Amino acid sequence: MCGINGILHLQPQRKVEERVLTLMRDALEHRGPDDKGIFVDKNIGLGHRRLSILDVTSAGHQPFLSEDGRYAMVFNGEIYNFKAFYSELKSKGFEMKTHSDTEVLMKLFQLYGLKMLPRLNGMFAFAIWDTLEKKLIVVRDRMGVKPLYYAFYNETFYFASEQKALFTAGVPLKMAQDGIEEYIFNRFVAGENTLFQNVKKVLPGHAMILHENGKIESEKWWDLKHEIQNHEVIKNPIDWFRGTFDDSIRLRMVSDVPVGVLLSAGLDSSSVLSSLHSQQFKDIQAFTIAFKEEEHNESHLAKRLAEQYQYGFNSVQLEDDDLYSKLLAATYFQDEPLMHLSEPHLLGISQLAKSKVKVLLSGEGADELMGIYVRYKALQFPTLLHSIATLGNLDAFTKKARFEKLIRYAQIKNNRDLVIFNGCNIYPKDIAKTFGMHEVPKNEYRHKIYEEAQSLYPNNLRRQALYFDQHTYLCSLLDRNDRCTMGASIECREPFLDQRLLAGLGSLDNKWLFTGKKGKYILKTAMQSRLPQEILSFKKVGLSTPWGDYITKSPAFKEELESFSNSELFQMPYFEHIKAKKLISNLQNGDTKMVSYIMPLFMMHIWLKNYVNKFEALQKENKILDAKIT
């Protein structure tokens, strides 16, 4: 697990400055504190920060060069099945000189080029420079577990694991209007676009090829819809799931350093822990977030399960100043305003874990694969939503938070928007009424994914929403996981996102997902003989936090809330009609609905104040330095 970056000047005579390349690289130091390196050859430069997981010796140093000198590579991630290629590579005349997956990846590329990608089981983002054909290849894994951003600026292509490295190199930090709109309406920017002008993401399952003359090619090397449509019939889903899940866990235990588990005591992470136990893995450490509020706390269940399996148990509780400081740190690591609101807690538990392990397994992805969210239930009988909309005037319903949200959701009239806005906390009519923003974002990528979902699962809104979330909401969750764990120099692995599970679950009938009150029927049934009943039947909590109480009652946040009411955010054109003081007053007077309206704005305020100002100052400082050097 690492941080990667690079510079390719599209003017061949222009040489890469080592100083700029190194500044970019070291902005990612938290992603790789164990080693660092650069490769510079005229107009191309590659940088690497290393977190040593496999072959922790100097043999795994990057940038990694092919023996014939043709290729230079920087690689972030893990190829879990790398050892399976040893005999094949040996038969082709290759001699392995390290015990790292990096060397296997390079040799496979030398043999097969990008055609090797479907054979890899892993999470990865990498870049390879071909010194012979003068082209740069950048690749991202199937689901986008590992991030990869890029920008074209001043006839130069920049790429990096995080946006901050691009800004460090001088790419302007400017917010995109479309990005701001999508953040407000949809909570995050989906697809290749970001919150920033001219900064984009390499899409999951895609590769880009940049030729020195500026020609760009894009290739989609993995397509979930195609994989689902062409999946063979699964004859015994329970046995298939249990066997595949266990094998996914086994593969993700490949490591030369200690591995632990992010354990919430929910069904997903508990299933990860139970699989490790059933496969007789020893010396596992479990890490849990605890809350003083009983309705948010699962730590007692997590502790019991860890002790039952004779695994180590560790927990941390964040409050007041500690929580606030973690929020500021998470904002820096995230590069964008916090969206999930669990980022400070995930960063805190990762920092705790760092003292004992270098790798964490997570239950992330199970919700979006198997449909646990309550919001999916509203899509089972869409015609009923029109009837529910008429209940909006009944106080008995509007006083209950869940019903009140359902009534607002029911105001959406067409199926497309029911899917596209299913993961939102507030909806277009709410935003128009409260914020005075009436223009809904273009959402071109979201509409594209909806069309795919509709063609794959016609007349099935719940499955459409699952597929849609797998390409949008899940990507934002994976980005959160990566930034928070890597902010603590920890690698995070997601066993539920094995490509065999992704395609296989997508091919199964509804009953295997939605049967029962809480859904996840296939997972619950497969784990029934392994997990205690209190885990199987416990209400899903996850990393939910009482932010309304935090920002109005915690001393650290009350001061920031006062600053928020006068934020420069509300002087910007798009936000100038928002009455922040009225929103805050309503929240302080007990209107908990205001949390959904306030938190996106509050987090953007924090981000503007602590992140944007920092990098604007850094860019000004670097320009002054450049002028002095010149």
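A: In this predicted model, Arg480 and Glu364 form a salt bridge, with their closest N and O atoms 2.5 Å apart. The pair connects distant parts of the chain, as the two residues are 116 residues apart. Arg480 belongs to helix H21, which covers residues 473–486. Glu364 lies in the loop between strand E16 (359–361) and helix H12 (366–370). Arg480 has a relative accessibility of 8%, so this residue counts as buried. Glu364 also counts as buried, because its relative accessibility is 13% and the cut-off is under 20%.

Shared partners also occur: salt bridges join Arg31, Lys146, Glu162, Lys164, Asp335, Asp479, Asp482 and Arg483 into one network.

Asp26 forms a salt bridge with Arg25, and the closest N and O atoms are 2.8 Å apart. Here Arg25 is buried, at 7% relative accessibility, whereas Asp26 is partly exposed, with a relative accessible area of 30%.

The other pair is Glu133 and Lys135, whose side chains meet in a salt bridge at 2.9 Å, N to O. Glu133 is partly exposed, with a relative accessible area of 43%. Lys135 has a relative accessible area of 17%, which is under 20% and therefore buried.

For the whole model, the count comes to 43 salt bridges, taking a side-chain nitrogen of Lys or Arg within 4 Å of a carboxyl oxygen of Asp or Glu as the rule.

Technical notes. Residues are numbered from 1 along each chain as its sequence is written. This is a predicted model: local features need pLDDT of at least 70, side-chain atom pairs count only at pLDDT 80 or more; totals for chains, interfaces and linings use all residues. Side-chain values use heavy atoms; hydrogens and water are left out. Buried means under 20% relative accessible area, exposed over 50%, partly exposed in between (1.4 Å probe, protein chains only). Helices (H or I, at least four residues) and strands (E, at least two) are DSSP runs, numbered from the N terminus.
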